[in-house]
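This briefing looks at how two parts of one protein chain meet. Please have the sequence and the 3D view open while reading.

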Amino acid sequence: MLNTLADVQNLLSELITRYSSRVDYLMIRLEEAEGTDIFLRGDKIETLSEGISIGGHVRACYKGGWGLSSFNQLATIKERIEEAIAAARIVGDEETILAPIDPIKAICELPLTGIDPRRVSLKQKKELCDHYTELLKSVDHRITTTSVRYGDSAQKVIIATSEGTLIEQSWVDMEMRFAATARNSDTVQTGRETIGSRKAYEDLVNLDAQVKSSAERAVTALSLPPVKGNTYTVVIDPILSGLFVHEAFGHLSEADMAYENPDLLEVMTLGRRFGSEELQIFDGAAPQGHRGSYFYDDEGVPATTTQLIKDGVLVGRLHSRETAGKLEEAPTGNARCLDYHFSPIVRMTNTWIERGNTPVLDLFTDITEGVYARNWLGGMTNGEMFTFTAGEAWMIRNGNIAEPVKDVTLSGNVFQTLADIEAIGDDFYWDESGGCGKGGQNGLPVGCGGPSLRIRDIVVGGES
């Protein structure tokens with residue numbers, strides 16, 4: 001179905017010309033994807049597959065109303081265009097407002113730095129999963145359950161619009177997830193690790209130390225005392241910082257969330273102070289080499305880097321063309337969809353807190369009793385409230401890392417927590433394990449980054 005941009009240019013141009021006069025905006029997306037999915041639960045193969053997906057969608061906008069029609073047979077594209085236009089004309093009753101952009105014609109491919117996973121056989125990928133499964137099981141006899149998942153996907157997308165944009169873009173994404181559960185009588189603990197890459201298959205090889213560490217954390221936690229629930233000064237590592245900025249703050253920066261919620265829009269007023277002058281937060285697909293990186297979003301808007309918080313003050317938010325137009329702000333290139341079954345919505349790309357000036361060891365200074373939390377097991381957010389579970393944790397006593405503890409959950413209000421950041425470490429780490437979910441589009445690749453943070457007055461759940 002998809003060969004080169006030149007092969008489909010005439011067809012798309014003809015269709016756009018024929019139908020665009022009936023709507024305010026028309027976009028056609030063609031997509032080809034191929035990938036591998038392997039899932040082992042213990043020694044049992046749950047999934048072992050390779051597949052190719054070919055399809056596309058048509059989006060039409062008329063008087064502010066949107067119509068979407070997806071297809072996987074190019075021969076039906078005219079009928080799908082008619083469906084999308086009909087739906088838009090049924091629901092449209094306002095004004096179509098899209099932030100203006102320059103039409104773009106481009107062919108681009110996100111470069112790999114090593115082996116393309118499409119050149120690696122299914123047998124070799126399965127053997128890699130078997131190797132990691134045996135590693136997890138070998139750590140300790142108390143490991144009762146293991147799981148290993150491998151996935152890769154190569155996508156090529158062509159979008160053409162009634163404004164003259166015609167873009168072909170392609171990329172490859174890879175991910176592995178590992179989990180081990182340890183049991184000792186009635187005590188059960190789990191350790192997890194996730195690795196992702198848009199660079200090379202080699203990034204998923206030679207992960208023995210990280211894989212074993214997930215099982216070792218589960219075993220070690222069996223004999224640890226639970227943390228005593230209280231309010232503490234907490235130091236979190238860069239991985240938890242990345243999770244915090246993405247889950248707790250990043251989603252609130254997505255302009256469709258604010259535009260549809262007047263109360264949130266009032267809270268997220270540009271110019272409002274949220275933290276100290278040292279606090280800098282960004283999101284952007286323009287930085288290369290991360291899982292949320294690309295050249296153009298799914299509306300054809302060039303990738304950017306958007307500063308969300310500058311010197312502690314809210315200065316930006318993430319946009320599609322529609323939210324940017326309605327809020328009279330500039331588009332940021334954050335309209336993304338998982339695949340052709342979905343419409344693009346406002347999504348994060350690579351989100352990070354900039355490194356600070358405090359040496360990491362100094363973050364612990366003068367903490368009489370606190371908690372040091374690293375990595376994560378899970379979490380949830382509800383509006384401005386968040387709860388995250390640390391992958392491992394230690395008490396801090398008199399400025400020093402002391403005894404390890406388990407069952408550490410960190411909870412709070414994101415705006416208060418940003419204000420309560422006391423110091424920002426001079427370290428930094430990119431976590432490429434993210435798969436973001438929103439609006440039924442789950443597993444969208446993203447990158448998260450940050451330094452270690454020292455935060456006061458964090459509610460730590462544990463044993464009362």
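Between domain 1 and domain 2 of this predicted model, the count is 5 salt bridges.

**Which elements of domain 1 touch domain 2**

- The strands β1 (25-41), β2 (44-62), β3 (65-71), β4 (105-109), β5 (143-161), β6 (166-184) and β7 (187-197) each supply at least two residues of the side of domain 1 that touches domain 2.
- The helix α4 (208-221) also supplies at least two residues of that side.
- β7 gives the most to this side of domain 1, with 10 residues.
- By residue type, the side of domain 1 that touches domain 2 divides into 21 nonpolar, 16 polar and 13 charged residues.

**Where the domains lie**

- The domain assignment of the protein places domain 1 at 5-222 and domain 2 at 230-461.
- The C-alpha centres of domain 1 and domain 2 are 23 Å apart.

**Contact and buried area**

- In domain 1, 50 residues are in contact with 40 residues of domain 2.
- About 3400 Å² is buried between domain 1 and domain 2, and 51% of this area is on carbon and sulfur atoms.
- The residues of domain 1 that lose the most area to domain 2 are A99, I101 and R198, which together make up 15% of what that side buries.

Conventions. Residues numbered from 1 in each chain as written. Predicted model: local features only at pLDDT ≥ 70, side-chain atom pairs only at ≥ 80, totals over all residues. Heavy atoms only, no water. Domains from an automatic or database assignment. Contact = heavy atoms within 4.5 Å. Buried area = accessible area lost by both parts, 1.4 Å probe. Salt bridge = Lys/Arg side-chain N within 4 Å of Asp/Glu carboxyl O. Helix = DSSP H or I, 4+ residues; strand = E, 2+ residues; numbered from the N terminus. Nonpolar A, V, L, I, M, F, W, Y, C, P; charged D, E, K, R; others polar.
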